[in-house]
Amino acid sequence: MKDIFRKRRMWRAPTRLKDSYDAVVIGGGSHGLATAYYLAEHHGMTDVCVLEKSYIGSGASGRNTTIIRSNYRTPEGARFYKRSVELYEQLSQELDFNLMFSQIGHLTLAHSDRAMITMAERAEVNQLFGIESRLIYPDDVKDLCPEIDVSSDVTWPILGALYHEPGGIIRHDAVVWAYARAADRLGAEIHQNTEVTGIGVSNGRVTGVQTNRGSIECDTVVNCTAGWSTTLADMVSVDLPIWTSILQAFVTEPVKPFLDVVIVSSQMHVYLSQTDRGEFLIGAEVEPYSTYSNRGTLPFLESSARHVLELFPQLSGCKVLRQWTGICDMSPDYSPIMGMTEVEGFLVDCGWGTYGFKAAPIVGVTLAELVATRKTPDLIEPFKLERFYADRPVSELAAAAVSH
Amino acid sequence: MTFQVPCPNCGPRPVEEFTTTGEVRERPVESPSRRDLSHYIYFRRNARGVQTEWWYHRFGCELWFLADRDTHDNRVLETRLPTSSRGEW
Ligand SMILES: Cc1cc2nc3c(=O)[nH]c(=O)nc-3n(C[C@H](O)[C@H](O)[C@H](O)COP(=O)(O)OP(=O)(O)OC[C@H]3O[C@@H](n4cnc5c(N)ncnc54)[C@H](O)[C@@H]3O)c2cc1C
Ligand SMILES: [Zn+2]
């Protein structure tokens with residue numbers, strides 16, 4: 001009985017770095033930790049460390065609005081995110097950790113004819129790949145979400161929506177902790193408060209990394225630092241088509257549950273869900289200038305609150321509980337950038353912008369395969385850095401411009 | 001709070017009045033290869049520190065100008081009009 005109160009560490013806190021590792025993962029977010037886990041689980045590579053300059057989950061992985069979905073616009077994106085959602089569906093079982101994944105469904109509202117056409121197109125692409133996704137009309141929206149204002153005498157009347165049943169929300173901290181615990185149990189080392197300050201390269205190949213806690217030899221480095229990706233790529237002189245900005249979010253005080261579907265309006269640049277605690281969780285768009293400063297702004301709060309009230313006037317008396325920001329790595333085509341670079345052994349995983357949390361499992365699986373086999377998996381072939389030199393973007397603007 | 005940008009015409013104004021097209025990039029020479037042109041179009045220095053950017057006073061005097069801004073804390077150190085001699089247009 002006493003045993004249940006015993007303090008248990010979820011992962012070890014190794015006191016010193018080894019002199020060398022088979023692979024070094026930089027960044028202890030969902031992507032870095034998932035990569036370490038699948039390296040061990042799928043490929044038996046356990047001589048791996050994850051280096052995190054702060055605490056794990058301190059980046060965007062612990063700050064996002066936790067929306068999981070696969071209703072992307074391009075064939076490349078749709079099949080990739082579909083696989084990720086399928087992995088998430090099994091993940092609580094696999095990692096033996098309650099991730100509280102609630103597939104409550106996801107509605108992208110259309111407020112114009114143009115938006116209806118885009119939604120119809122997305123539904124077609126999705127269905128081709130076996131993704132549940134269809135166009136619905138205001139009556140159906142009202143059925144799914146009786147509290148929403150579907151009247152026509154508002155600024156942006158709802159003409160319809162893209163309905164994506166498997167979409168939902170998850171507990172983001174739990175995903176980070178579950179991957180960390182599983183990777184640690186299989187032998188990978190997680191080093192927090194360990195900042196990478198330099199990366200050694202000789203004859204075009206990675207030779208090691210320097211940190212505030214000493215140097216390590218290794219021939220493979222995976223850069224999973226999202227918003228900070230450029231600062232690490234600079235260390236090996238690899239150029240990236242990334243600009244860094246912040247995305248903000250806020251929650252209201254908890255109220256009685258009345259919303260059990262995710263609502264997105266690209267017209268109004270706002271999206272929201274109600275968490276298991278009853279808080280309304282609301283997000284918008286990245287700030288339109290580049291910044292590495294995690295500082296929230298009042299105009300964000302005002303404009304998103306105003307837009308939410310257009311959809312849910314009954315929230316007008318609700319208090320704002322807290323507001324925060326996270327740093328995002330924006331890519332030119334709203335698709336990720338994954339794979340090898342011109343420096344041998346330096347792998348990138350960036351361009352996750354405002355939508356990368358949903359991809360953590362498939363990123364981990366494919367990056368681990370790339371590290372272990374040195375062959376690029378088919379699923380991530382379209383996302384190579386090289387596509388920008390060849391002027392071949394994979395445009396997800398229509399499906400990812402509203403950030404989630 | 002959000003930060004202010006000193007417009008060369010109007011003085012310090014809230015950032016929401018402006019739009020920016022981001023860091024100033026060096027334009028490729030006369031007939032660039034596809035690689036050089038793509039590099040110019042897509043790639044960014046994305047400095048964590050001071051960078052020179054294009055700003056436009058959209059809801060104001062509609063002036064295009066250059067700003068040296070620190071992306072670490074968003075402080076604008078200097079704004080000025082572009083000069084062709086510095087290759088800025
Ligand atoms: C407000 C907000 C809402 C979002 N909503 C959604 C959503 O609903 N759905 C969705 O799918 N995505 C969403 N995203 C995006 C998503 O959170 C990110 O794309 C994703 O979490 C990126 O994960 P990551 O592991 O790659 O990076 P991060 O979690 O950012 O981890 C990177 C880590 O690298 C570390 N690091 C940086 N530099 C160094 C260094 N030199 N040495 C060592 N470590 C270093 C950082 O400390 C950080 O912990 C949102 C993001 C934000 C900010
Ligand atoms: Zn002005």
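The model is predicted, so to speak of a local feature takes a pLDDT of at least 70, side-chain atom pairs count only at pLDDT 80 or more, and totals for chains, interfaces and linings use all residues. Residues are numbered from 1 along each chain as its sequence is written, chains are lettered from A and ligands numbered from 1 in the order in which they are written, and side-chain values use heavy atoms, leaving out hydrogens and water.

**Two helices**

Helices here are DSSP runs (H or I, at least four residues), numbered from the N terminus.

| Helix | Residues | Contact residues (heavy atoms within 4.5 Å) |
|---|---|---|
| α1(A) | 30-43 | S30(A), L33(A), A34(A), A36(A), Y37(A), Y38(A) |
| α5(A) | 172-185 | V176(A), Y179(A), A180(A), A182(A), A183(A) |

The axes of α1(A) and α5(A) come within 8 Å and cross at roughly 30 degrees; axes are lines fitted to C-alpha atoms over the stretch in contact, with angles from 0 to 180 degrees between N-to-C directions. The two helices α1(A) and α5(A) are therefore roughly parallel to each other, a term for angles under 35 degrees.

**Two domains**

Domain 1 of chain A covers 13-64 + 173-240 + 333-400, and domain 2 of chain A covers 103-167 + 243-330; these bounds come from an automatic or database domain assignment. Their centres, taken over C-alpha atoms, are 30 Å apart. Domain 1 of chain A gives 16 residues to the contact and domain 2 of chain A gives 14 residues. Together the two domains bury about 1,200 Å², 58% of it on carbon and sulfur atoms; buried area is the accessible area (1.4 Å probe) that two parts lose on being put together, summed over both.

Notes: Angles under 35 degrees count as roughly parallel, over 145 as roughly antiparallel, 65 to 115 as roughly perpendicular and the rest as oblique.
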